[in-house]
Amino acid sequence: MTARVFHTSDWHLGRQIGRHRRDAEFDAVLNEIVGIAADFAPDVIVHSGDLFDGHRPSLDDMRRAALALRRLGDIAPVVVVAGNHDTRHVLSFLEFMISDLGTRTCTESRVRFATDARPDGLLIAEYPAAQGELTVRVGGLPYLHPNRFAYDFSDPATATATYAERMRAVQADVYRCLAHDRGPRDVLVYAAHLFVEGATPSHSERKISIGPDFASSAMGLPKVDYGALGHIHKPQRIDGVGFSARYAGSPLQMDFGEIRDTKSVVLVEIAPEREPRIELVPLESGRRLVRLAGTMDQIRADASRVGDAWVKVSVQADSPVLGLSESLSEMLPKATIVGIDEYRPGAEKQIMDRTTTADDLPSVEEILREYLADGRVAGRALDHVMATLTDIQADPDPADGTGCCEMSLLAAAIDGHTPENIDRAGVLTTGHTTDSEALR
């Protein structure tokens, strides 16, 4: 006698790689998720946040999310927790779409959204399981930005508390509501979108949201039968909390920081007073993300194993490679190349720091000689160029040092000379040297 929970998260519909949209991949992986859910036949489905990649998803992505959630709702009741990329307004409109423009209740559409973290607004949903012999209680906590505490919570004691302390109090409220009048046949599931300290990010998450100021204590998580967590894109379990808690992760590799991540959904079977049975089912619909690095010969040897993938290439060459983009495209006919870096070993220059003095900087002559030598200018040709530079530097600068005729007239007047002693260019015609000339 077990309750079955299907856990997915962080779809990030609308996510692109560079300028490339991934609509076909999202359609394929959502079909795969729905298929796995149908085979598992869960009692409840939990999506732990970030349906969308942006706060203003496109109509296509709204339609894609509505259809997928509607299909999941036909399999089992669905609880969706708002992530940091989701907004209440967008999810409210999505709920309106799923409910046939508001003509069906959330119970009839079987999709509910957790968007409020205040004690009187928390989503606590109950669903029958095991042919009615068990009850699954789901408590949903949406993502809480620190600013939300100022808007949504009026307790002045929270003003000086750390984020972790405030989150501990909010999660305690969730547990109180979830465990109220709990019976022996009740199974508790905590669904939340948050960063738990100790979790390993993929770094495709927003960096500011996974910093220490946004971390929740692992020991502050409610003690439930299963914790369905979202926000971190790398699938993983959270250890040291005294119960089973997992990040389901994103269904596609979001960027090149996730090339080693195997994406999956989580199947959970829970019996009262027993450790849940957890199975990870890999997702196979997304294109791989691949990095290739080395010389052109090395890349050519590896290219045959790449196939249909998103690819970033770093090419090592002794000199600039003509037609590099075209050559790589021929080597990788099925791939989409989203970035090409070309570098030459030994061509890197030392970066000057703030302690560098003028004496540490190379002279103009040294810079020019090194530049020409790199360009294969040597021998007598190099000597000729350097000699020419010396001649140019020796010529007087017409804009510097001689002064204009008005300045000469002024200097002569100060020295007591009359205009008759000065020619039209402002130069003294007398043979002696004045104090002003000596100074010049």
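Three strands make up an open sheet with the order β15-β16-β17, and their pairing is parallel, where two strands pair if DSSP finds at least two bridges between them. Helices (H or I, at least four residues) and strands (E, at least two) are DSSP runs numbered from the N terminus. The edges of this sheet are β15 (288-294) and β17 (336-343), each of which pairs on one side only, and the twist from one strand to the next averages 10°. Strand β16 (residues 309-316) runs parallel to β15 and is joined to it by seven bridges; within β16, S314 stands opposite A293. Helix α7 (residues 296-303) packs on the sheet and touches β15 and β16, its direction making about 150° with that of β15. Here contact means heavy atoms within 4.5 Å, while axes are lines fitted to C-alpha atoms, for helices over the stretch in contact, and angles run from 0 to 180 degrees between N-to-C directions.

The model is predicted, so local features need pLDDT of at least 70 and side-chain atom pairs count only at pLDDT 80 or more, whereas totals for chains, interfaces and linings use all residues. Residues are numbered from 1 along each chain as its sequence is written, and side-chain values use heavy atoms, with hydrogens and water left out.

| Helix pair | Angle | Axis separation |
|---|---|---|
| α1 (residues 23-40) and α2 (residues 59-75) | about 10° | 9 Å |
| α7 and α8 (residues 324-331) | about 25° | 9 Å |

Strand β2 (residues 44-47) and strand β3 pair in the parallel sense over three bridges, and H47 has V80 in β3 as its bridge partner. In a regular strand the side chains alternate between the two faces of the sheet. From β3 (residues 78-81), V78 and V80 point one way and V79 and V81 the other, and all are buried; buried means under 20% relative accessible area, exposed over 50% and partly exposed in between (1.4 Å probe, protein chains only).

Turning to rings, those of Phe, Tyr and Trp (its six-membered ring) pair if their centres lie within 6.5 Å, with planes under 30 degrees apart counted as stacked, over 60 as edge-to-face and the rest as tilted. By this rule there are two aromatic pairs. One of them is the tilted pair of Y163 and F214, at 5.8 Å centre to centre and 50° between the planes. This pair links distant parts of the chain, 51 residues apart, with Y163 in helix α6 (residues 163-179) and F214 in the loop between β8 (195-196) and β9 (215-216). Both Y163 and F214 are buried.

Most residues other than glycine have a negative phi. L101, which lies in the loop between α3 and α4, has a positive phi of about 60° and is exposed, with a relative accessible area of 57%.
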